[in-house]
Amino acid sequence: MDIKLNTPLTKESIKNLKPGDNVYLTGTIYAARDAAHKKMMELLDKNEELPFDIKGAVIYYVGPSPTKEGEVIGSAGPTTSLRMDAYTPRLLDLGLLGMIGKGRRNDEVKAKIREHGAVYFAAIGGAGALIKKTILSQETVAYEELGPEAIRKLVVKDFPVTVIIDAKGDDLYEIGREEYLNWKHAEDK
Amino acid sequence: MRNIDSKEVTLAVKALVMDANYFLPEDVLSALKENKKKEKWLLATNTLGMIIENAQIAERDMVPMCQDTGMVVVFVEIGQEVHVENGLLEDAINQGIREGYEEGYLRKSVVSDPLNRKNTGDNTPGVIHYTLVAGDQLKIMVAPKGFGSENMSRLKMLKPSEGLQGVKDFILETVELAGPNACPPMVVGVGIGGTFDKCTLLAKQALMRKLDQYNENPFYRDLEIEMLDKINSLGIGPQGFGGQTTALKVSIEYFPTHIAGLPIAVNINCHATRHKEVVL
């Protein structure tokens, strides 16, 4: 099932998504990974404002390769999400609704996704060149000194992602495999 | 005695690191296409399609296929008749990495200290393995290694009594634990035997092998085929979304070992299995 979604997300726009849905995202997403998440926690600890509006936001776990002359951004595939698990529950509490990365999330993150009706998407790991083409512009919004780990505002058009964890907390990494194996065993009979 | 100027080494390594990041090896691309044809699960087929399309875009536009342009592993085979002049071979290789990563718009992903983590700014040092061989040639293979897959690799000192079943179980368990995190479809390199350090080196060398080649020893060849089949029955599939194509290949290298030991190392690589070589 191919679905087009705009950002910022709303609980309404994502509540019917299911694991395995192919979604094409258009709008602004925020690139942030390990170091930036750690810095954001430090801001929150000091009761300071985050560098962008978190309500309905989508964070993309990415550290792009350097930008070639005349291009918008370098290769920009996802990095492994579990490294951001420690920081994510707090951001979900503050209104973060979407995350794009790859790989499993822990139980606490899943529970928070369910609690807030958020969604976790996977971008294809290693498809840095393909994903790059859907990014129309980038702008550093915080922590320039972190280089590839800075927080960047990315404007994207039809960025292809797959729903992994939906608002109900169902997980494609579990369901997808199970469905495939059930089908295979039935086929093999 | 044959003289090779270290500047020649630098130029060669610079070209190799860029090529390795832009151009997926032919055998890997073929394996992806073949597996896509065999895949009957729709989401898996589409996912493989996007991975193949990505490789084609990277080649055409000369951009990295993956933004994790990796820490560079280098295998050097030095003929005993070779004399490297005008600088240390190691420095020349690192200079090649430095220049290639800068001019090729490749990401600088190396920190100088594993605990006090400051980026070195130039993706050096590489991890270099030297072998002395007969002759007067210098063969250099570079293999940028991304850490999504590297982080899912494992080593175990099995008891000899655990034997072949212990080996099979460990390989399967490692793939299972890696799952979606290693960006399947994976290429699995296995090292069996040697010492603690040797078996991990064997596993990485196994990853350098072309995907259409098997271990010359029929016992290990059969094991490679059997393990690939078992892995592709797990159902993890491309990107862990479900499907048949969890791995493209299992390659095994082995070495004599101690009477009291059975070391095994499994080095996971993702579908962006990158390596390029040159002979000087």
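These notes walk through chain B of a predicted model.

1. **Overall make-up.** Chain B contains eight helices and 10 strands. Its C-alpha trace spans about 55 × 50 × 40 Å along the principal axes.

2. **Is the fold compact or extended?** Start from the chain length. A compact globule of 280 residues would have a radius of gyration near 19 Å. Chain B has 19 Å, so the value agrees with a compact globule. Buried residues account for 48% of the 280 residues.

3. **Contacts along the sequence.** Take the contacts in chain B between residues at least 6 apart in sequence. Of these, 80% join residues at least 24 apart.

4. **Helix α8: a length check.** Helix α8 of chain B covers residues 218-231, which is 14 residues. At 1.5 Å a residue, α8 should span 20 Å. Its end C-alpha atoms are 20 Å apart, so expectation and model agree.

5. Which residues of α8(B) are buried? They are B:L223, B:E224, B:M227 and B:I231. These four cover an arc of only 105° around the axis, which means that they lie on the same side of α8(B). The spacing makes sense: an α-helix has 3.6 residues a turn, so residues three or four places apart point the same way. On the other side of α8(B), the exposed residues are B:P218, B:D222, B:I225, B:E226 and B:D229.

6. **Helix α8: its neighbours.** What do the buried residues of α8(B) pack against? They pack against α6 (163-178) and β8 (247-257) of chain B.

7. **An open sheet.** Four strands of chain B make an open sheet. Their order is β4-β2-β5-β10, and the pairing is mixed. β4 (127-133) and β10 (276-279) stand at the edges. Each has a single partner strand, so one side of each is left without a neighbour in the sheet. Neighbouring strands of this sheet are turned by 15° against each other on average, direction ignored.

8. **Pairing, strand by strand.** Begin with β2(B) and β4(B), which pair in the parallel sense over seven bridges. Here the bridge partner of B:E77 is B:T131 in β4(B). Next, β2 (residues 71-79) and β5 of chain B pair in the antiparallel sense over eight bridges. B:V76 stands opposite B:I140 in β5(B). Finally, β5 (residues 138-145) and β10 of chain B pair in the antiparallel sense over four bridges. In β10(B), B:V278 is the bridge partner of B:I140.

Technical notes: Residues are numbered from 1 along each chain as its sequence is written. Chains are lettered from A and ligands numbered from 1 in the order in which they are written. This is a predicted model: local features need pLDDT of at least 70, side-chain atom pairs count only at pLDDT 80 or more; totals for chains, interfaces and linings use all residues. Helices (H or I, at least four residues) and strands (E, at least two) are DSSP runs, numbered from the N terminus. The radius of gyration is taken over C-alpha atoms; the globule rule is 2.2 Å times the number of residues to the power 0.38. A residue is buried if 20 or more other C-beta atoms lie within 10 Å of its own, exposed if 12 or fewer, and partly exposed in between; C-beta atoms are placed from the backbone. Two residues are in contact if their C-beta atoms, placed from the backbone, lie within 7 Å. The expected span of a helix is 1.5 Å times one less than its number of residues. The arc is that of the directions from the helix axis to the C-beta atoms. Two strands pair if DSSP finds at least two bridges between them. Axes are lines fitted to C-alpha atoms, for helices over the stretch in contact, and angles run from 0 to 180 degrees between N-to-C directions.
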